[in-house]
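Me: I'd like a close look at one part of this model, please. Take me through the spaces in it and what lines them.

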Amino acid sequence: MKYALLVWSNLKRKKTRTVLTVLSILVAFLLFGLLGAIRQSFSQGVDVAGVDRLIVRHKVTLAQLLPSAYEARIEQITGVEEAVAQTWFGGIYQKPSNFFAQLPVEPAEFLDMYPEILLSDEERDTWLRTRTGAIAGRSIAERFGWSIGDRIPINATIWTRKDGSQTWDFELVGIYDGAKKGTDETQFLFHYDYFDEGRRFGQGMIGWYVVRIADPERAAEVSAMIDSEFANSPTETKSEPEGAFLQAFANQIGDVGFIMTSIVAAVFFTILLVAGNTMAYAVRERTNELAVLKAIGFTDRGVLGLVLAESFVLVIIGGGAGLALAWLLVSLGDPTNGMLPSYFIPTRDMVIGVVLIFVMAFVAGILPAVQAGRLRVADALRR
Amino acid sequence: MNETVEDGAVSGLVAVRGVDKVFKRGSEEIHVLGGLDLDIPEGEFLALMGPSGSGKSTLLNLIGGLDRPSQGTIEVADERIDNLSNRKLAAWRARHIGLVFQFYNLMPVLSARRNVELPLLLTHLSRSERRKRAEIALDIVGLSHRMSHFPRTLSGGEQQRVGIARAIVTDPTLLLCDEPTGDLDRTSSGEILDLLQALNREQGKTIVMVTHDMHAAERASRTLFLDKGRLSLEPSV
Ligand SMILES: Nc1ncnc2c1ncn2[C@@H]1O[C@H](COP(=O)(O)OP(=O)(O)OP(=O)(O)O)[C@@H](O)[C@H]1O
Ligand SMILES: [Mg+2]
């Protein structure tokens, strides 16, 4: 601690340079944090996917439907506890840019399948009783200013009604919260019965099944059994764990994670050069002073430590402030005002960020520090 | 037995024996010191003179443990220092040597007091004790009123006094000064020399001072001339 003042005074020596370096490091870590939150949002659900859930869909594409009669047959298979049908409604609320998922489901089964969807008992009962009733996640309810009892009209893009109209009316009877941080709070869920009776075509057909299995260890085995149950039928299936399904879905948008990792890596490399350069200059222009420290009796290792400590202070201040600022900005809320299903910096990314701070501090400082440690006093004093 | 040791301690604080110093510059070898012997008794104020490039700084560096001889031995206070490792030598310097440089070599980012305190960071002294000793050292050199000033706001003479305070704050065995007045005007030089003389006479400090200035050398108790790698009592013509 007694050397703190020495380290600190040296950083204050070239204030502009120190501030600029700290700012570059800050920006890099800010970017790292923000991109972490966005990437998390794109791969949303993958981390919180139930390990005991499978998705069963049409073998060819998700766009092709499956018979609702499959539900009973899937539930017959050993290892399967429960199957719930879901269908992509793909409607528009007010304008096309108001994107969110709408899914017709069997309410009781659905809530049972997703314990992470938290709904009060009262709202649950009302939903089960109300044929045109729908529930919405907290995030979209806030985004559109919905409250319980509101009438929500949604225009179908696929599912025309029997009378030829496109508008489906729903009554909002509940607003759910996510039990986990990554739980999707942008879904809009309504009765399958209301949907099936109201649609002009496709009766008895659903989009995909979510299947809960007894033993997550046997996911592959159960998946294979389900698929073989429907093999050689006109509609064959493809089953996979929920996490893999969501990952594949996220990958359709492009490998966002990879793109972001590449950007961050490039930025970090640049900043590493900036920080390394600052440290190299800090040593070069102080050769004489470092020699004096050694003449006074500081050891080679002591001088090496002082220089390395400077690098750590520089990067910890910049990186720490960057991560903190990212955290603050992200906690202020989703910049798209609710378009992202979830928006937060995963703990794992924060931990990686902290590790990166230490790695960067070390890498930027170690060469100049070693150079300073190797200075031969008598030679350096002559310069 | 005891008497012999005491006699030895009194007669020679520094014993340089058969010291060669060769620098290599590329393929060229520069023989700076050759077979040099020197004894410095405790309490002496020795002035070293000689032409530029004769090796005065080199000799001072060897005695101060900043460099090692190519040949020969150096003993200070009955301890061989020519064969110590870098780390041991650093610790030895911290304990035994106070250095005063021509261009002061103060840390520009630290106040006068913090500069003087610097060598004490290597000791186990508490914060308040370090502070107290730094203040005493600054008082000795007559700079108590400039304690919180930064080097750039001090005159050359004042900076050199801070340099001397830094050199004496650990109460070193030996005070080594390389042209301490080389960068100062007459008045400031006089003050610095008064100070060194007082340290020698009143506190019994052993001082080795390199200088180009005859007047400065006159303040010393003995003057030696270095030329062509050897020491003599008279300047060579
Ligand atoms: N580290 C070194 N590497 C190479 N040559 C050196 C080194 N140190 C000193 N020398 C050479 O040794 C000789 C003596 O140098 P030194 O600095 O000891 O002289 P000096 O008597 O102190 O001179 P001045 O009065 O100019 O300070 C010079 O020729 C110098 O170039
Ligand atoms: Mg010299």
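How much space lies in the second largest cavity?

Reply: First, the ground rules: this is a predicted model, where local features need pLDDT of at least 70, side-chain atom pairs count only at pLDDT 80 or more, and totals for chains, interfaces and linings use all residues. Residues are numbered from 1 along each chain as its sequence is written, chains are lettered from A and ligands numbered from 1 in the order in which they are written, and side-chain values use heavy atoms, with hydrogens and water left out.

Now your cavity. The second largest cavity holds about 80 Å³ of space. Of its 13 lining residues, Asn10(A), Leu11(A), Arg17(A), Thr18(A) and Ala282(A) are closest to the centre. A cavity here, on a 1 Å grid over the protein atoms alone, is a set of points where a 1.4 Å probe fits but cannot get out, and lining residues have an atom within 4 Å of a point. Grid points are joined across faces, edges and corners, and a volume is the space filled by probe spheres set on the points.

Four helices of chain A, α1 (4-13), α2 (15-42), α10 (256-284) and α12 (300-331), each supply at least two residues of that lining. (Helices are DSSP runs of H or I with at least four residues, strands are runs of E with at least two, and both are numbered from the N terminus.) By class, the lining of the second largest cavity splits into four nonpolar, three polar and six charged residues. Here Ala, Val, Leu, Ile, Met, Phe, Trp, Tyr, Cys and Pro count as nonpolar, Asp, Glu, Lys and Arg as charged, and the others, Gly among them, as polar.

For context, the structure holds three cavities of 30 Å³ or more. The largest cavity has about 110 Å³ of space, and residues including Ala295(A), Ile296(A), Phe101(B) and Arg166(B) line it. Its lining takes two or more residues from each of α11 (287-296) of chain A, and β6 and α6 (156-168) of chain B. β6(B) gives the most, with three residues. The lining of the largest cavity has eight nonpolar, two polar and one charged residue.

Then there's an open space to look at. The second largest pocket has about 940 Å³ of space; a pocket is an open set with protein on both sides within 12 Å along at least five of seven lines. Its lining counts 32 residues, with Arg382(A), Ser57(B), Thr58(B), Asn61(B) and Asp178(B) nearest the centre. α2(B) gives the most to this lining, with five residues.

Ligand 1 sits in that second largest pocket, meaning more than half of its atoms lie within 2 Å of the pocket's grid points. The site is shared between chains, because residues from chains A and B surround ligand 1. There are 15 residues around ligand 1, and among the nearest are Asp379(A) and Lys56(B); near means a heavy atom within 4 Å. α2(B) gives the most to this shell too, with three residues.

As for polar atoms, a side-chain one of Asp379(A) lies 2.7 Å from a nitrogen atom of ligand 1. For oxygen atoms of ligand 1, the distance is 3.0 Å from a polar side-chain atom of Arg382(A) and 2.9 Å from one of Arg25(B). On its own, ligand 1 has 630 Å² of accessible area, and the protein covers 79% of that (Shrake-Rupley method, 1.4 Å probe).

How values were computed:
A polar contact is a pair of N or O atoms within 3.5 Å; within protein, one must be able to donate a hydrogen and the other to accept it, and residues adjacent in sequence count only if both atoms are side-chain atoms.
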